[in-house]
Amino acid sequence: TMQRMVSDSMIDKVDTLTEDLEFEMDKIKEIGNVLSEPLGEIYDDDDLENELALLEEEDLDLGNNMGLQRNKSIEALDDLLGAFTPNQKKDEDDEEEDESVEKQKQALEATMN
């Protein structure tokens with residue numbers, strides 16, 4: 001009986017040990033699978049260069065569009081400022097008026113002398 005109890009105990013220990021080993025072997029296989037896979041995506045240098053070129057082109061296009069918008073804004077500002085500043089015709093009229101006033105002043109001074 002004693003022998004039988006020891007034998008049963010040994011069989012239980014062997015079963016437990018076998019299960020533990022199988023569990024550990026599964027872990028080792030899983031780790032091996034993970035290590036054999038590539039880390040993330042692998043990129044082709046040519047693809048990256050092409051994508052960079054496209055992004056630079058888009059950046060230039062955006063910069064050119066902003067430059068055009070800036071020019072239009074400056075033109076609009078010039079037009080707006082032109083509405084509030086005297087134009088060339090007004091300046092000419094003012095000069096003529098100044099000359100006329102000067103002539104009248106000279107005539108008045110001549111009569112006073």
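**Close-up views of a helical chain**

View 1. E24 is partly exposed, with a relative accessible area of 40% (buried means under 20%, exposed over 50%, and partly exposed in between, with a 1.4 Å probe and protein chains only). This is a predicted model, in which local features need pLDDT of at least 70 and side-chain atom pairs count only at pLDDT 80 or more, whereas totals for chains, interfaces and linings use all residues. Residues are numbered from 1 along each chain as its sequence is written, and side-chain values use heavy atoms, with hydrogens and water left out. K27, which is also partly exposed at 39%, forms a salt bridge with E24, and their closest N and O atoms are 4.0 Å apart (a salt bridge is a side-chain nitrogen of Lys or Arg within 4 Å of a carboxyl oxygen of Asp or Glu). Because K27 and E24 are three residues apart in helix α1, about one helical turn separates them. The structure holds one salt bridge.

**View 2. The negative patch around D45.** D44, D45, D46, D47, E49, E51, E56, E57, E58, D59 and D61 form a negative surface patch (patch residues have over 30% relative accessible area and no salt bridge, and like charges are joined within 9 Å, with the place of a charge taken as CG of Asp or CD of Glu). D45 lies in helix α2, which covers residues 45–84, and D45 is exposed, with a relative accessible area of 56%.

View 3. The protein chain has three helices and zero strands (DSSP runs of H or I with at least four residues, and of E with at least two). Its mean pLDDT, the predictor's confidence in each residue from 0 to 100, is 76, and 70% of the residues reach 70 or more. Of the 113 residues of the chain, 0% count as buried.

Definitions and conventions. Patch = residues over 30% accessible without salt bridge, like charges linked within 9 Å, V, L, I, M, F, W, Y side chains within 5 Å. Areas by Shrake-Rupley, 256 points an atom, 1.4 Å probe, with all protein chains shown as cover. Lys, Arg positive; Asp, Glu negative; His and termini not counted.
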